[in-house]
Amino acid sequence: MQGRAVYIKTFGCQMNEHDSERMLGILESKGFIEVDEPKYADIIIFNTCAIREKAEQKFMSSLGRVKYLKKKNPELKIIISGCIAQLQSEHLLNKAPYINYIIGPDNLHILANIAENELPQKVFTHENTDMANIELPVVRKAPVKAWVNIIYGCNNYCAYCIVPYTRGRERSRPMERVIEEVKALAEQGYKEITLLGQNVNSYKDKDVDFPALLEEVNKIEGIERIRFVTSHPKDLSQQLIKTMKDCNKVCEHIHLPLQAGSNKILKLMNRKYTYEEYLEKVKLLRESIPDISITSEIIVGFPQETDKDFEKTLNALIEIQFDGIFAFKFSMRPGTTAASLDGHISNDIKTKRLSTILNIQDEITERKNKSLEGTIQEVLIEGKDEEGLIIGRTKTNKIVKISSELQCGKVFKVKITKANRHTLEGNVL
């Protein structure tokens, strides 16, 4: 094949975004270039998300729109990867027989063979227990920040979540491999890394746990900021909080999904903590790291959520005062425990509850941002936004827009002059 091109469309979380970077790395090593429209591609990849119905619907619409390209060019390869690929392989092939290959999250390395050959097998969704030891090339999308996988899979089986069924059981990546990758990123000029996993807190490589890994990454010269996602509250230990406080490069921000303020709903969700236990950890975080920014996730309309249960979630937002949240209506996923529960909530009620949650949180976020007006923040410059303004981020993960021309990858002291709901504005000192 000459002048080979690939189009990748990604749905879902940071794990999927990073998987797309790795798939692009594999294909670039085979001579492919990335294009921004499917009509120019020799390979089209949809990297899918199954966590909510909306993401699945968006993917199916995108898949339908490229059917005509396959008719025009039978040599075009259409590949479905990610969580829907893992869950629905045969169903997808029946529904869209023009798909060439289905690749689950554990089988990205198969792309190297697909790029060069026509394979007799169409579906690659077997569990790969060695995934944590496979090193793949990566094409990084950001010039300053990079994602680094440290753990694959999940053991938690939250009642609403499909991830353990799509990404398998937890497998921690060897510490040496993580350190090697971060050192290489530092040499390439990256300033910030985000350690990735469905639950980074349960990382374990022999006698190295997550706090010990953070300490080792903190020693690497050239890296100035360390972030991590996602943290399961049940595994947020006092040792991890101490390590966050003691490691100067670990950012003063944690994403800690609460999901609900009602203990009844948390138990139905199989979250393995109570609201009171969660609140204690928030208090310990704020006592240890006074400037810490805490963001979270909320699901409204989980089966059997009464008005009283929902009120407890509203009270939790007011009591905790998160810096920001992602909030979603409960989306029933076939195969999960929640799908078989009684007491499903109507969409109208879920919509009203979501609107109430977002309105309350918007007020909290705006008020917290306003409190930063007049303060001086250290801002890492990441690039420009759509309007051409310089954009950067504080260690507490607040986005700052600056009108001056500043070098990407540098940290500047910025005086915050104006706070908006989702961004700050400032001037360089």
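Predicted model: local features only at pLDDT ≥ 70, side-chain atom pairs only at ≥ 80, totals over all residues.
Lys384 is placed in strand β17, which runs over residues 376-384. Apart from neighbours within four places in sequence, the contacts of Lys384 are Leu389, Ile390, Ile391 and Glu405. With Glu405 there is also a polar contact, in which the two side chains come to 3.2 Å. A further pairing shows how sequence and space can be set side by side: Lys384 and Ile402 stand 18 residues apart along the chain, and their C-alpha atoms are 9.3 Å apart.

Arg140 sits in the loop that links β6 (123-124) to β7 (145-149). Is Arg140 buried or exposed? Its relative accessibility is 17%, and because buried means under 20%, Arg140 counts as buried. Once residues up to four places away in sequence are set aside, Arg140 touches His18, Glu21, Ala146, Trp147, Glu181, Leu185 and Tyr190.

Glu305 is likewise found in a loop, here between β15 (293-300) and α13 (307-320). With a relative accessible area of 3%, Glu305 is buried. The residues that Glu305 touches, not counting those up to four places away in sequence, are Ile265, Ile299, Val300, Phe310, Ile345 and Arg353. Lys219, by contrast, is 86 residues from Glu305 in sequence and 46 Å from it in space, taken from C-alpha to C-alpha.

Helix α10, spanning residues 238-246, shows how burial can be arranged around an axis. Which residues of α10 are buried? They are Leu240, Ile241, Thr243 and Met244. These four lie on the same side of α10, because the arc they cover around the axis is only 160°. The face of α10 turned away from the buried side carries Gln238 and Lys245, which are exposed. Among the elements that cover the buried residues of α10 are the helices α9 (210-218) and α12 (275-288), together with the strands β13 (225-229) and β14 (253-255).

How many cavities of 30 Å³ or more does a search of the whole structure find? The search finds one. The largest cavity holds about 40 Å³ of space, and its lining is made up of Pro105, Asp106, Met131, Tyr152, Gly153, Arg167 and Arg171. By class, three of these lining residues are nonpolar, one is polar and three are charged.

The second largest pocket has a volume of about 360 Å³. Its lining comprises 16 residues, and those nearest the centre of the pocket are Asp291, Ile292, Leu372, Gln377 and Thr396. Sorted by class, the lining of the second largest pocket has eight charged, five polar and three nonpolar residues.

Terms used: Residues numbered from 1 in each chain as written. Heavy atoms only, no water. Buried < 20%, exposed > 50% of the residue type's maximum accessible area, 1.4 Å probe, protein only. Helix = DSSP H or I, 4+ residues; strand = E, 2+ residues; numbered from the N terminus. Arc of directions from axis to C-beta. Contact = heavy atoms within 4.5 Å. 1 Å grid on protein atoms, 1.4 Å probe; cavity = no way out; pocket = protein on both sides within 12 Å on 5 of 7 lines; lining within 4 Å. Points joined across faces, edges and corners; volume = space filled by probe spheres on them. Nonpolar A, V, L, I, M, F, W, Y, C, P; charged D, E, K, R; others polar. Polar contact = N/O pair within 3.5 Å; in protein donor to acceptor, adjacent residues only side chain to side chain.
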